[in-house]
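I opened this notebook to record what I looked up in one structure, entry by entry.

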Amino acid sequence: EMTDAQVTILLAFIEDDLEKGTLPFYFPAQRGSGTWLARFASDGLPQWSRFGAEYWSVSFTLELLP
């Protein structure tokens with residue numbers, strides 16, 4: 001779940017920092033500590049749908065890199 005402001009930040013990150021989602025990035029590890037090197041899967045760019053006045057349900061698929 002994200003707010004309008006968080007979705008705006010995510011879109012700018014994908015567009016500007018990840019060159020439209022093509023570059024890898026570090027993502028906090030979901031188990032344990034540290035980070036994972038990841039990228040959006042070829043069919044995994046974020047999808048979102050609005051719920052409520054200011055919230056979005058956001059989902060995406062990551063590919064973990066070695």
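**Ground rules.** I took helices (H or I, at least four residues) and strands (E, at least two) as DSSP runs, numbered from the N terminus. I kept in mind that this is a predicted model, in which local features need pLDDT of at least 70 and side-chain atom pairs count only at pLDDT 80 or more, while totals for chains, interfaces and linings use all residues. I also noted that residues are numbered from 1 along each chain as its sequence is written, and that side-chain values use heavy atoms, with hydrogens and water left out.

I looked up the loop between H1 and E2, where I found both Glu19 and Lys20. Glu19 has a positive phi of about 45° without being a glycine, and Lys20, not a glycine either, has a positive phi of about 65°.

**The chain as a whole.** I counted one helix and six strands, which follow one another along the sequence as β-α-β-β-β-β-β. Along the principal axes, the C-alpha atoms fill a box of roughly 40 × 30 × 20 Å. Of the 66 residues in the chain, 23% are buried. The chain exposes about 4800 Å², and carbon and sulfur atoms supply 53% of that area; such areas come from the Shrake-Rupley method with a 1.4 Å probe, and for residues only the protein chains shown count as cover. I then took contacts, meaning heavy atoms within 4.5 Å, and found that among those with a separation of 6 or more, residues 24 or more positions apart account for 40%.

**Charges.** I counted Lys and Arg as positive and Asp and Glu as negative, leaving out His and the chain ends, and placed each charge at NZ of Lys, CZ of Arg, CG of Asp or CD of Glu. The chain has 4 positive and 9 negative side chains, and the centres of these two sets lie 6 Å apart.

I let two strands pair if DSSP finds at least two bridges between them. Three strands then form an open sheet in the order E1-E5-E4, with antiparallel pairing. Its edge strands are E1 (2–3) and E4 (47–51), each of which pairs on one side only. Between E1 and E5 (residues 55–59) I found two bridges in the antiparallel sense, and the partner of Thr3 in E5 is Tyr55.

**The hairpin.** I next followed E2 (residues 25–28) and E3 (residues 35–40), which pair in the antiparallel sense over four bridges. They form a hairpin with six residues between them, and in its turn Gly32 has a positive phi of about 80°. Tyr26 lies in strand E2, and its bridge partner in E3 is Leu37. Leaving aside residues up to four places away in sequence, Tyr26 touches Thr35, Trp36 and Leu37. The C-alpha atoms of Tyr26 and Trp36 are 5.5 Å apart, although the two residues are ten apart in sequence. Is Tyr26 buried or exposed? It counts as exposed, because its relative accessibility is 60%.

**Ring pairs.** I paired rings of Phe, Tyr and Trp (its six-membered ring) if their centres lie within 6.5 Å, calling planes under 30 degrees apart stacked, over 60 edge-to-face and the rest tilted. A search of the whole structure gave six aromatic pairs. The rings of Phe13 and Phe25 have their centres 5.6 Å apart and their planes at 85°, so this pair is edge-to-face. Phe13 lies in helix H1 (residues 4–17) and Phe25 in strand E2, so the pair ties together parts that are twelve residues apart in sequence. Phe13 is partly exposed at 28% relative accessible area, whereas Phe25 is buried at 10%. Phe51 and Tyr55 form a stacked pair, with 6.2 Å from centre to centre and 25° between the planes. Phe51 is partly exposed at 34%, and Tyr55 is partly exposed at 38%. Lastly, I noted that ring pairs link Phe13, Phe25, Phe27, Phe40 and Phe60 into a cluster.

Notes. Buried < 20%, exposed > 50% of the residue type's maximum accessible area, 1.4 Å probe, protein only.
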